[in-house]
Amino acid sequence: MKSITVEEFKELQDSGADFQLIDVREDYEYEEANLGGILIPLATVVEEVEQFSKDKRVIVHCRSGKRSANAIQALESMFGFTNLENLEGGILAYIDEYGLDD
């Protein structure tokens, strides 16, 4: 499984690169704090597979990196995705390093 550090992710954000960001946390977690990605809770990832781009880089994140890793493993094994990357440490690592813009 490919992964991306929060530092690499921040550089990607700042560069204006074309990528898709998917948040696999729950609704209430997304409402508390988010990075602006598309919310697709882990339990619905397989049903919502059509929302994941196969044509560009896709960064998947959750709170700490575990749920997003599970989502990526499922999508890679069931649907053959090769463009998914797990945000190491999830949103907690991002907030710890950069905070959140309000």
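These legends accompany close-up views of a predicted model. Local features need pLDDT of at least 70 and side-chain atom pairs count only at pLDDT 80 or more, while totals for chains, interfaces and linings use all residues. Residues are numbered from 1 along each chain as its sequence is written, and side-chain values use heavy atoms, with hydrogens and water left out.

**View A. Asp14 and Lys10 pair up in a salt bridge.** Their closest N and O atoms are 3.3 Å apart; a salt bridge here is a side-chain nitrogen of Lys or Arg within 4 Å of a carboxyl oxygen of Asp or Glu. The two residues are four apart in helix 1, so about one helical turn separates them. Helices are DSSP runs of H or I with at least four residues, strands are E runs of at least two, and both are numbered from the N terminus. Asp14 is exposed at 56% relative accessible area, whereas Lys10 is partly exposed at 21%. Buried means under 20%, exposed over 50% and partly exposed in between (1.4 Å probe, protein chains only).

**View B. Glu85 meets Arg57 in a salt bridge.** Here the closest N and O atoms lie 2.6 Å apart. The pair links distant parts of the chain, with Glu85 in strand 5 (residues 84–87) and Arg57 in strand 4, 28 residues apart. Glu85 is buried, with a relative accessible area of 9%, but Arg57 is partly exposed at 34%.

**View C. Arg25 and Asp23 join their side chains in a salt bridge.** The N to O distance is 2.8 Å. Both Arg25 and Asp23 are buried.
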